[in-house]
Amino acid sequence: MILMSNTPVLQIKNLKTYFYSRDSVVKAVDGVNMEVHSGRITALIGGSGSGKSVMSRSVMGLIDKPGKIVDGEIWLNGRDLRLLSEKEMRKVRGKEIAMIFQEPAAAMNPVVKIKDHLFEAVHTHDRKARRKDKMPAFREVLLGVGLRDPDKILESYPFELSGGMCQRVMVAMGIVANAGVLIADEPTSSLDLTTQISILEELMSLRDAGIAIILITHDLGVVAQTADDMYVMKDGKIIESGTVREVFAAPKHPYTRYLMEPVHVEELR
Amino acid sequence: MSDSGNMVEVKGLSKAYGQRRQEKYAVYNVSFAICKGEILGLVGESGCGKSTLGRLLLRLERPTKGEIYFDGQDITGYSFTEMRKIRDRMQMIFQSSANAFNPYYTVRQIISEPVMNYRKTDAGERDALMTEMLEKVGLDSSYLNRYSHELSGGQRQRVGIARALILGPDFVVCDEAVSSIDFVLKKQILKILAEQKKKNGFTYLFISHDMAAVKAVCDRIMVMYLGNIMEILPEAEAKALHPYTQALLAAVLEPDPNVKREKKILFKESGELAIPEAGCVFWPRCLYATETCMHRSPELREIYDGHFVACHYMKNKRTLEENA
Amino acid sequence: MIKNTGRKLLRNKSAMFGLMIILILLLMGLFAGRIASHDPTLVDITNKLAPSSKEYPLGTDQMGRCILCRLIYGIEISMFTAIKVTFIILLVGVPLGMIAGYCGGIADNLVMRLADIASTFPSTLLALAVVGIFGPSLDHLVLVFIFLWWAPFARMVRSSVIKLKETEFVMAAEAAGCSRRDIIMKHIFPNTLSPVIVYATLRIAAVITHIAGFSFIGLGSQPPAPDWGVMLNDGRQYIDTHPGMLFWPGLAIVIVVFAFNLFGEGLNDALIPAEEEMAVVKETGDSNE
């Protein structure tokens, strides 16, 4: 176990992200406070439309019109990301925060080979890096995320890989970027059960290596088996938070309790 | 002929795609029956042919080989027109993807379509029927004039259920009906399905890759891998015997932080799923595979009452446990 | 869907601008007899090459004909003909594409081979050949255009039908007990239309330029018809002394083509979801030009 430091690596204070349409305002994220620690998996759980994905995109600085971060602070490594320019933010993305998406194949440029995707992830924070020098490291990382034939994979295009393999490559990109914070937005929702397990195990070993992971999911099983801390989100607000054990042992909010009660279909049989 | 207790029965059913030389089997030599009034679960990973099988049963696809019986009649060779005559008795709930509904249709048009095709009703009767159906699935008549893209994922799924159930069919195929939606809706939809079954005695084929959902609602569970049936569990809680089923079950994550998973991964990983040239389809990923498995393909045999397993090492149950 | 499309289109200023020009020109063409004060073919040598005046706002040509009146009457030849041609092309291409896509097999093969043949002919060469055999005339040209240009529409429709056949809602329609006719007419056909309409709008512009082009080289409309291409040809000899004769018909063509393109692209934005945007136009567009 890594010693848990008391200062969070990422701290979100009163974050508000609103979406404006012609006649209404959607408060997708409405005053969220959150702390993320190194060496821990922090789960953000909520139903569809609860604002959890908007929240992660706000942290990454990826909110476009008609959305806007209206208020709040996002502290990462002693800086408020909201005060950074787009150029500075681009350096932060990939170098300090990396992100894994739900549809890995859609998040990767289909005509760029895997090795170039990986190199791109390195290049954002290490301008002097040379492609050739990095290849052995890439091979090792790919082996590390459970891809058995790294040489073949490096030369492949994203569409030649299965969904699970693409997701592993995304995890690998997160690793080579050497970012201290990794946001995983529903990393396993589109995958099969057996693949899901191995991806989650990769995430857990990253956690053990001291990386802070935000795991966005709607699956309580995933939270219970992998996460350390959890935040429950509903209608843009955090309604409950705590360590996973605490929350599962004694859920306070009625919505959390509703989520946790098992499916009682048996009596309907 | 099938006996009258079976809603659906298939014998040696296969479906191949592609050109003659490079045929790929999506479903291979599958035989099973669904009893009247039961929910049969069909699980497997994506690409295992479970959706194809569901469509074959409703003859939305043409089988390459084998026979399909629906309530005792052999419908294998039925034409489009002959099938039309009995389609009101069999329905399908599609995955709630963006393509599940005609984008130019309102909910009213979507749900009234089967009614107009099979029942002689006037607009008033239809509206009453639709309102009743929508209320059953937790919506109301205010949704009738909306287009499908104006609905959320869960609402769309419920409209799909309403469309499938409005004719009161005897047999319903649910193709990943709860897979892409979040847990709150998942619960609601499972409840709707179970209630409808209890009240009306529907027979379901419940296709899903979500083991937890399947275990919650199904009477029996059938496990498929690469187009082949690996195991049929006689009840949802029965102990899995096939190594593949065990691997699938081990992969289910318990929503309880105090129950830690013991075994991690119970199968070998392979990059792509391909049918091996000979032997059992699962051997490349099976932890217990032996020489025999690589050369001879196992038959689906009844081990206990109603418990079918396709594995060479099931003659003697101990063999597997010792190996493990 | 339909509601949204209309709203998106109304909000698209350039598309609305294009549509306005098209409508105004169409009305002018329709009421050419009332608007134009002179007979477009009336020769008045005494008044030839007159400068702009109250009676002849754009002056007269080498035969003393009113240039403005000829332009207005020309709308019928270029725009009306182009719209008619495109309509016939649709009537041929869309059903053939539907048949090919839905039936597959031999029908598909037959239609697609015909389409291949149609699209391998170089349009200029074929036009020259036809005109060479049957004599120069706008009607002959129109036949050539129809023969050549139904193919991309058939291909487009066929590929969307093949995609649609596999979609869940078409399968659901079959499961709901729809007849074949309902499946085709209610579920497949309306969903193939968006790209077809967009492409047809752009195609009208292409037909207009082609008619003018062929008339310019003397293979289409014959003088003294007030065709814009013919007018351009007339103006050629007077380019130094009376550039207006060349300029005004040229401008008319540019405006019409511009208007149709603006409108077509606006339709594309409004009808086709963001991911597929312009893909249709890029794929199939302008390959025959």
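1. Going from the N terminus, chain C reads α-α-α-α-α-α-α-α-α-α-α-α. That is twelve helices and zero strands, where helices (H or I, at least four residues) and strands (E, at least two) are DSSP runs numbered from the N terminus.

2. Before going further: this is a predicted model, with local features needing pLDDT of at least 70 and side-chain atom pairs counting only at pLDDT 80 or more, while totals for chains, interfaces and linings use all residues. Residues are numbered from 1 along each chain as its sequence is written, chains are lettered from A in the order in which they are written, and side-chain values use heavy atoms, leaving out hydrogens and water.

3. Of its 289 residues, 53% are buried (under 20% relative accessible area, 1.4 Å probe, protein chains only).

4. Now the interface: 27 residues of chain B meet 24 residues of chain C, contact being heavy atoms within 4.5 Å. About 2400 Å² is buried between the two chains, 56% of it on carbon and sulfur atoms; that is the accessible area (1.4 Å probe) lost on being put together, summed over both.

5. There is one salt bridge across this interface (Lys or Arg side-chain nitrogen within 4 Å of an Asp or Glu carboxyl oxygen). Arg87(B) pairs with Glu174(C), with the closest N and O atoms 3.4 Å apart.

6. On the chain B side, α2 (80-86), β6 (90-93) and α3 (107-118) each supply at least two residues. α3(B) gives the most, with four residues.

Key:
Buried means under 20% relative accessible area, exposed over 50%, partly exposed in between (1.4 Å probe, protein chains only).
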